[in-house]
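Here are a few friendly notes to read alongside the model. Keep the 3D view open and find each residue as you go.

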Amino acid sequence: MKVNISNTDKDYYLKKELYRLLKKDDKIFEFIQNICLDGLWFWDLEKPENEWMNPMFWKTLGYNPDEMPHNPSAWQDIMNKDDLKLAKDSIEKHLSDENHPYDQIVRYRHKDGHIVWIRCKGKAIRDENGKPVRMLGVHNEITSFKNNEFRYKSLIEGTNVGTWEWNVQSGATIFNERWAEIVGYTLEELAPISIETWMKLAHPDDIEESGKRLNACFERKSEFYEFEARMKHKNGHWVWVYDRGKVFEWTEDGKPLWMYGTHQYITQRKLKEEELRISEEAFRGNFENAAIGMAIISPKGEWIKVNQKVCEIVGYPEKELFKLTFQDITHPEDLLIDQALLNEVIDGKRSHYQMEKRYFHKEGHLVYIILAVSVVKDTEGKILYFISQIVDISKRKKQEEEINYQKNLLASFYNLSPVGIALNDYETGRFIDVNDKLIEPTGYTKEDFFALSYWDVTPKEYENLDAIALKQMEENGSCETFEKEYIRKDGSRYPVSLQGVVVKDTAGKKLIWSLVRDISKEKEAERKLKEAISNFQALLDASTQVSIIATDTEGQITFFNSGAEKMLGYKAEELVGKYTPAIIHLPEEVENESKVLSEKYSKKISGFETFVYEAQIGQPNTKEWSYKSKEGHIIPILLSINKIADENTITGYLGVATDITELKKVEKEIRSLLRITENQNDRLKNFAYIVSHNLRSHSGGISGLIELLHLEYPNLVNNELTTLLNSSVESLKQTVEDLAEVVKVNLAIEESQQIQLSKVIEKNIKSLSSQIHKSGIKIINEIPDAVYTQGISAYVDSIVLNMITNAIKYKSEDRASFLRIYCEEDTSTTTLFFQDNGLGIDLNKYGDKLFGMYKTFHRHDDSRGIGLFITKNQIESMGGTIKVESEVNIGTTFKIIFKK
């Protein structure tokens, strides 16, 4: 037997085992606090002068733990004062809001004088009222990390870009001097610095998009935050910066903690994107650090030099890219245009060009770019190389596709919405646009609506509701869903459910989008439901012929109708809330049913569960039981039990029982009659076989006598009377054969089986191939191999044969004939169609005689009128039906419906 062990943190057995060991063995805790952490502290918030620091706390800072007191002032005195203020503020925020983490990086002064960087984390322990009473914290030394960070910052400052660090959770922000310099300030002028500093300087139109891109990083949808933004310079003008950052640290619960990034001044690039070229010295200075792809291309298309951004865009390392040409990675559809423009530059017809094109990424997907190409020539005018600027616009393209998709989706929703949608002027209420669904119940045309306002279609008594909705939209931007009525063009009314939201167009004009749903059917259904509930309750109360008993989930009786009182002799108050249905059941029946169900479902089922188990699992059933009345009478009943559920939660069970005493008596009589009928049917079969056999013998005898008469008196062969007698005998023989066939159909007992229809049809087509070829009819078999039906094989074979031969026999000589055989299926039946374009049948004239014996409707020498009669008998003997649709000189379709 396979044992599944949950691997979640909550259930993992090793975690539980560790918790038990921590409680049992102090050495484990000592190991954790001395080895795994650089410091541990526990603070009494009710007596804040008391705080315990473990030995590692002081050893990390170079002090002897035995000499250090257990109070906050001991560590506060050696912490950087600016950091101490930040730490205190962060602790206060955490104590007032447990969702605000205490996670602070601070500087301590080591005993020997150097700075020790510590990351300090803490969690308040609260009493049952949520009041913080203790605080537990840990220290992790990060001095080497910070030293690396300083080196990193020095490197960044050498690139002359602004840098920023942001604690996303606390809002604390650190900018370098270059960051401030880009916008014309010093850091001192911007102090105190926080995330609000950026918000105040950023262009209002950029904040929303910046927020979206930040959220993409926070939700791990994007690794980097990248955005070109405008910042307000100290002098009042706007400067452009390329803002790029990444989340480098996350909280334990997966929230972004520290984010680092750069601000690159790009105002000149933004203003001078169309300049032909820059000086070689300036190009070298910006080539590697450019925020866009930069490449030097040989006249043959070879990559001479690329910056890292180009490698990122196309996915190739520099060495691999140098083995390729730009033609190798350009989409073929773009290459002709690109090459043509490049040739114009080579021919001197233009100095540069710009185009959108597609590169093949190393991984195979397409990269959309804007390519700007200019040429560099020597003093003699010979082309040295081309300079390409490559801007990756894949994200923009994807966004454009998404916008177009959303537009199309919105248009589809608007046009195909099952709910009415309207756009109104906020001030006047005039309809500006409406979809077809809104107009549908009104009687107006769309043009009519554009001349109306929502006041025109609202009855006076609902104006107060509209006024409330407008007030909600003014205050909140939207209104709650409410119900009112609309006035149709003919003056009648219908109920609607309405909800609106305020928007602004590009000019800032206020508009209202409304969803208007016609709830006429819902209101009518609500009325009918209330009426049905009322009628049902009355039915329960008035039903005296049926016992209706309800229970709760434990089996206690909760409802006992008048029919149950009449049947069982109990009053409702005697049983409701006091007994289970066991009081009216025979114990031996309950025990037997319990055994049956236990065996059926392979589990122990007993007691009240015996009655309701199948209803409980979604298989309500009706069974025969016996009730025991108050006086002790045994009453045979038919009991149906169903569950009572409220939003898929079972709240009880309902048992409906009918007294079947009289039915049992009738059932006994029916069994007796069936035995008599079976005997009579057997005698009838014997009679049918005898009649069929004797008629065949006598007709054969008469035929033999006529042959002897012809031999004895040859001159009578051509005698008119003899000829008529011979014809009558032949007709008698044919009639006997037909009757024998009918008897065989009606009295034959054969086992039904699964029959593959396509196989039967192909067999008959093959056996009739000579007739089919001779007649020139085209047989089209569209029956899939997977279609089966239940029936008697010989009958199905005979039916198909008769349908095909009829189509051949009654084909039209005026057109190319066909017989199309196809089928349709549902859950319980398979319908077989035989559709031809033959002579057709006048159903108005012959419809009631179509399947009669010896009924013919066309002048054919071999038409006997027995085929359809036998076919109908064969179909009906298998529980099926046959139908026909026909039109004279158009064709006939026979529909044969088999049970599955």
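1. Start with L371, which is buried, at a relative accessible area of 3% (buried means under 20%, exposed over 50%, partly exposed in between, with a 1.4 Å probe and protein chains only). L371 sits in strand β14, residues 366-377 (strands are DSSP runs of E of at least two residues, helices runs of H or I of at least four, numbered from the N terminus).

2. A word on the source: this is a predicted model, where local features need pLDDT of at least 70, side-chain atom pairs count only at pLDDT 80 or more, and totals for chains, interfaces and linings use all residues. Residues are numbered from 1 along each chain as its sequence is written, and side-chain values use heavy atoms, with hydrogens and water left out.

3. Who surrounds L371? Beyond its neighbours within four places in sequence, L371 is in contact with residues including Y353, M355, Y359 and I390 (contact means heavy atoms within 4.5 Å). K357 is 14 residues away along the chain, with its C-alpha atom 7.1 Å from that of L371.

4. Now turn to helix α5. Its buried residues are D83, L84, A87, S90, I91, H94 and L95.

5. What does the buried face of α5 pack against? Its partners are β1 (39-44), α4 (72-76), β3 (102-109), β4 (115-126) and β5 (132-141).
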